[in-house]
Amino acid sequence: MVPITTLHYLVVAAALFVLGVIGVLTRRNVVIVLMSIELILNAVNLNLVAFSRLYGLHGQIFAIFVITDAAAEAAVGLGILIAFFRNKETVNVDEVDLLKW
Amino acid sequence: MQPVATTFFFYFLSAVTVISGIAVITRRNPVHSALALIVALLGQAGLYLMLYAPFVAGVQIILYAGGIMVLFLFVIMLVNIERAQKEEQFNKQWIVGIVAALALGVLFVLVYMKGKGLFPQTVAQLPEGENTQGIAMLLYRDYMFAFEIASLLLLVAIIGAVVMAKKRI
Amino acid sequence: MTERSSHLELEQADKTYLDSNELIINMGPQHPATHGVLRVILKLDGEKVLGTECVIGYLHRGVEKIAENRTYTMFNPYVDRMDYVAAVSNGLGYCEAVEKLLNVEAPSRAKYIRVILTELNRLASHMLWLGTHALDIGAITPLFYTFRDREEILKIFEKYCGARLTTHAFRIGGCQYETYDGFEEDVTKFLKFVTPKIDEYEQLLTTNRIWVERTRGVGVISAADCKALGVTGPVLRASGVKWDLRKAQPYAAYSDFDFEIPTGQSGDTYDRYLVRMQEMRQSLRIIEQAVGKIPDGPIMAKVPKVMKPPVGEVYHSIEAPKGELGYFIVSDGSTQPYRVRVRPPSFVNLQALDQMVRGQLVADVIAVIGTLDIVLGEVDR
Amino acid sequence: MLDYITSYLKSDTTPGQAGNFFWAFVYILLIFLGLSVAVIAMNWLERKILAHMQVRLGPMRVGPHGLLQPIADALKLLIKEDIMPAEADPVVFWIAPLIVVITAFTVFIVVPFGPTHAVTDMNIGVLFMLGVSSLSVLGIVTAGWASNSHYPLIGALRSSAQMVSYEIAMGLAVISAVLMTSLNTDGTGTLSMIGIVQAQQAQQTWFIFKFFPLGLIAFFVFAVAMVAETNRAPFDLPEAESELTAGFHTEYSGFRWSLFFLAEYSAMIAVSSIAVTLWLGGWMRPFPHWLTGETWDLVFSLFPGVTFVLLALITFYSTIRMPKHPYFRVQTIGLAGFGAVLGLIGLLLFVPPVRDRIQDIYWFAVKVAGFMYLYIWYRGTFPRYRFDQLMKVGWKVLLPIGLGVLIVTGILGVVLS
Amino acid sequence: MPEETKAPTPPPSGPPKAAAPHAPAAPAKPAGPTPEPWSSGLVTTLKRQYGSGIREASTYLGQNYMVVDSSLIPELLQVLRDQEQFDYCVDITAVHYPQREKQFDLIWILYSFARNQRIRVKIMIADGEVVPSSVSIWPTANWLEREVYDMFGIRFEGHPDLKRILLPEGWKGHPLRKDYGIIQQDNEWVQINLGIESGQ
């Protein structure tokens with residue numbers, strides 16, 4: 001078996017990233033779109049941590065910041081979702097077609 | 001500590017992560033998606049452990065799986081999903097989306113293949129035992145300012161979420 | 001039972017949408033906190049109660065209809081089945097009402113026995129209330145204490161008349177049974193036994209911070225609202241009205257005894273708790289006096305074997321543990337009552353539930369149901 | 001192979017660190033077994049202690065003094081019909097109890113029963129424990145949601161809100177204890193569970209007495225938060241019987257329900273272990289620096305044996321007091337047998353090699369058992385908080401106190417070192 | 001209660017207008033109390049105000065009651081509460097006399113905390129006659145009136161939510177009417193809702 005190198009992790013991260021992008025681009029449900037964004041962020045994290053093995057701990061620090069960011073994003077995103085749902089009674093992203101309601 | 005069966009664990013965890021990732025974007029029921037995402041996150045935490053980043057793994061579990069995902073589940077339960085489940089799950093440009101995303105993936109792989117030689121051949125010496133201390137030093141010394149900004153960001157997010165989720169603005 | 005629709009529309013219950021934010025919850029009839037088969041439909045905004053509707057009648061046995069088809073004597077045991085935790089009080093009210101209709105008066109020894117047993121029953125009822133109320137709020141220990149101590153009262157009942165719960169202790173015109181040998185000693189011994197126990201209950205709860213936080217300011221009802229809603233008993237007294245039928249319109253031998261009417265000020269659950277605890281102590285006082293000066297003499301007045309009260313109607317009420325328990329009896333001169341109307345305190349008090357819990361939280365509904373001290377047998381009759 | 005097994009015995013680290021899979025596996029099995037026995041014993045003890053607090057006897061029928069009651073209960077739960085509501089989400093309904101129980105057991109990987117008696121020692125031990133135990137909230141939320149019924153849903157929402165809020169206070173208290181570990185010459189603290197106990201050993205004090213009363217306050221915050229975390233009285237709102245019938249597990253029955261039960265008790269033991277490790281000196285015996293010397297070492301090492309012999313004596317006394325009726329003969333013999341087993345264990349614990357190896361585990365278990373008794377005591381004494389009051393306690397009392405303690409600890413740590 | 005009145009003579013009259021089905025039973029009694037006219041300031045005031053609307057005001061066994069015309073109802077009760085301090089409505093109930101033309105006695109039992117006095121206000125109504133509700137005077141009348149409706153079928157006008165209370169919705173018949181047998185049940189309801197042949 002080939003030894004596991006950084007490249008292997010990068011490929012997994014790329015796969016996750018692609019999955020996240022597919023989710024964002026194709027799904028209608030806002031909740032799942034938000035979750036796909038989490039997937040993308042995680043793919044980035046995996047990259048950062050994988051690189052941190054090569055270049056020192058800074059990557060991990062960045063990963064922590066990304067997680068913080070993800071928390072903030074999830075909170076605000078879900079807040080928007082709730083406000084949106086209350087007004088339109090739908091969670092479909094393609095029905096968010098008004099600038100103001 | 002000498003890692004054991006690294007190869008097996010890597011493939012196992014990657015498989016878990018990627019398969020759960022697929023489940024996230026294909027499940028009809030958002031709760032199932034969320035559960036799949038949790039599995040993906042835990043698998044990723046395992047990958048972090050393999051990368052000698054136990055602190056990030058811990059943060060991943062405690063914040064992502066224990067915090068953010070609970071928030072997701074909470075919201076899914078608040079919004080009525082039964083009707084959303086019966087509707088069309090994918091939007092009209094799904095073919096375009098998948099093609100674009102796959103193209104992006106191919107691009108990534110190509111770049112990695114080309115740029116493989118650019119990576120340093122030596123692995124940085126990061127003993128697991130001092131990982132947390134090292135991160136603490138960096139976080140509170142070199143990245144002190146960023147750390148404070150992150151806390152500010154969280155504060156803004158809290159206020160924003162509260163304002164938006166309030167019944168009457 | 002799906003037949004009982006309500007203005008709260010249970011069909012809405014499926015909607016847990018955020019926009020309406022209203023949740024309709026069906027509490028009971030099978031629910032540990034409703035003390036029987038009470039069904040409360042709660043309209044909630046999150047955890048806040050917007051409105052309630054009580055659905056009662058699951059235990060309706062047509063007691064009033066039965067009364068019209070039984071003789072006065074035959075109906076006597078039935079009243080015990082209404083408020084089954086205070087059966088003696090029910091019997092006292094009924095017997096006194098019929099005595100009034102017959103225009104006879106029980107001998108004074110009988111009256112003393114009645115007072116002793118009724119007050120013991122009040123203690124038993126309050127103990128049961130305390131145990132279940134505390135259990136509802138989450139303190140499980142008082143339940144076992146009170147049930148154990150209540151057992152002593154039931155033992156006295158059992159020794160006196162052979163029954164523990166639905167005692168049928170009194171007869172129209174007095175009491176059937178003379179007190180058994182050692183009755184006074186038993187009661188005195190019980191008094192000695194139970195006084196420190198009441199202190200013990202209070203020690204567990206009165207200054208318990210969680211208990212105080214859970215009960216103070218919960219289910220507040222003002223004296224004016226109490227009167228308007230016809231709420232009586234400890235609930236009324238906790239709102240600051242010093243009114244007790246034992247003092248206001250003394251019946252049996254209550255005018256012979258020296259006791260106080262405990263009152264509260266704020267009319268919240270905590271005050272009701274304190275009032276009931278004080279009432280238990282006052283009951284002890286009454287029993288002590290009654291046992292001390294119980295007169296000798298007959299225990300049965302001269303009443304005919306076949307009772308035919310003259311045509312007329314009478315309303316007689318007593319202070320049951322839960323409030324004013326009234327009997328409105330119409331006689332047509334025959335052996336059977338023409339109409340018996342029971343004015344149950346629980347039924348009327350339960351009506352105040354809606355007002356008391358509006359704007360409070362779900363957990364308070366349980367506390368308020370507990371503090372109202374309802375017995376569904378009496379509500380539904 | 002035999003070398004591989006025996007090689008670990010000479011090392012002085014945990015099997016996980018030594019990379020010895022065999023012993024790690026043995027430890028996991030032992031912990032699993034011990035935990036199951038502890039949960040069963042806890043079940044019996046809770047009912048007995050609670051009963052005696054409430055002037056009653058508790059289980060008496062199944063086996064002598066109801067000793068076999070938990071086993072009978074477990075048997076009953078296992079053979080009960082497994083009911084799933086028609087409208088429930090089958091997959092999630094099935095997974096939820098597993099999540100709860102797996103997280104509750106996983107936590108024990110890093111619990112240090114002794115300097116070497118842990119499956120492994122992680123660099124992020126405390127973080128791992130908090131993180132994994134916070135995962136159990138997922139199980140609760142999904143259980144409530146999957147039941148597709150109102151009471152479980154409300155119970156689950158309450159539960160998750162409660163657990164998420166109290167986790168913060170808990171975390172702050174933990175951090176202040178972790179800060180205390182850094183009060184050594186090179187100023188580096190540790191998150192490792194074993195490291196924390198070793199820090200207490202080095203500083204010659206339990207952290208509960210460190211910077212008196214700071215450690216005590218932090219411990220208090222943790223002790224309150226941990227009761228709330230485990231959904232026990234007086235914070236047992238999610239399963240408030242009188243309000244929500246049984247909260248998130250209303251619709252569960254039989255085996256699945258018993259999984260929740262198992263998880264609840266092992267979670268209680270887990271958080272108690274954290275408290276013991278962080279504040280009460282973990283596996284250290286009382287007064288390790290005051291009562292020193294060989295004699296004292298010997299005296300304290302006799303404690304485990306003495307405890308078991310005492311238990312055996314109590315059992316024998318109860319055996320004598322058993323009713324002398326033919327009906328009770330089997331029970332009497334059984335009780336005597338149980339006493340004999342306890343006595344034998346006690347005697348075994350007097351053997352020097354066993355005595356030395358078992359001591360740490362014994363002291364750790366005794367401290368945890370003290371917490372278990374507290375749990376039962378709370379349940380017997382306190383009414384239940386209301387939800388808003390619960391949130392108030394969490395956010396307005398414990399959180400500020402925790403923050404304050406953290407800040408003051410930090411300042412004191414800087415000033416004093 | 002005030003002292004009980006004892007009349008030496010035994011006139012066989014029951015409560016006036018109460019044409020009881022077994023009226024001749026009374027002469028067998030050797031002695032019995034009789035209703036006496038009730039004279040008090042309250043009655044005088046009310047009589048002055050309403051004249052013959054107050055048909056009768058009597059004391060029987062020390063208990064005061066008055067029979068009034070049903071047209072006076074919401075107004076008289078309001079007056080009793082506001083001016084005469086009868087602030088506590090103890091009970092509302094009814095009695096069914098099938099032989100009479102006006103089949104129902106409807107009775108309000110009132111109590112005044114200030115006076116420590118209890119009175120009964122009685123009206124007579126025919127079957128099907130609608131009585132104004134007193135919920136606006138005493139909120140407690142809500143359930144009491146519902147019960148009267150449930151048991152006797154007397155309708156109250158202006159009641160916020162007049163429906164059955166003890167018996168299930170959809171039940172046929174009003175059990176406390178004299179023509180409703182003691183073992184009678186709404187078998188149809190029982191069959192539909194309980195799935196059993198009969199409740200007996």
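How far apart do the closest C-alpha atoms of chain A and chain E lie? Select both chains to see: those atoms are 33 Å apart, and no contact joins the two chains (a contact here means that C-beta atoms, placed from the backbone, lie within 7 Å).

Before moving on, note that this is a predicted model, in which local features need pLDDT of at least 70, side-chain atom pairs count only at pLDDT 80 or more, and totals for chains, interfaces and linings use all residues. Residues are numbered from 1 along each chain as its sequence is written, while chains are lettered from A and ligands numbered from 1 in the order in which they are written.

**Chains A and D.** Chain A and chain D do not touch either, with 14 Å between their nearest C-alpha atoms.

**Chains A and B.** Now show chain B beside chain A. Of the six pairs of chains that touch, this one has the most contacts. Colour 73 residues of chain B and 62 of chain A to display the two sides. On the chain B side, helices 1 (6–26), 2 (30–50), 3 (54–78), 5 (94–115), 6 (131–142) and 7 (144–165) each supply at least two residues (helices are DSSP runs of H or I, at least four residues, numbered from the N terminus). Helix 3 of chain B gives the largest share, 13 residues. By class, this side has 55 nonpolar, 15 polar and three charged residues (Ala, Val, Leu, Ile, Met, Phe, Trp, Tyr, Cys and Pro count as nonpolar, Asp, Glu, Lys and Arg as charged, and the others, Gly among them, as polar).

**A helix pair across A and B.** Zoom in on helix 2 (residues 30–55) of chain A and helix 2 of chain B: their axes are 11 Å apart and pack at about 5° (axes are lines fitted to C-alpha atoms over the stretch in contact, and angles run from 0 to 180 degrees between N-to-C directions). The two helices are therefore roughly parallel (angles under 35 degrees). Show side chains, including A:Met35, A:Glu38 and A:Leu46 from chain A, and B:Leu37, B:Gln44 and B:Tyr48 from chain B.

**Inside chain D.** Finish with helix 3 (residues 21–53) and helix 15 (residues 352–381) of chain D, which pack at about 45° with axes 10 Å apart. Among the residues making the contact are D:Met42 and D:Ile49 of helix 3, and D:Met372 and D:Arg379 of helix 15. Six nonpolar, one polar and two charged residues make up this contact.

Conventions
Angles under 35 degrees count as roughly parallel, over 145 as roughly antiparallel, 65 to 115 as roughly perpendicular and the rest as oblique.
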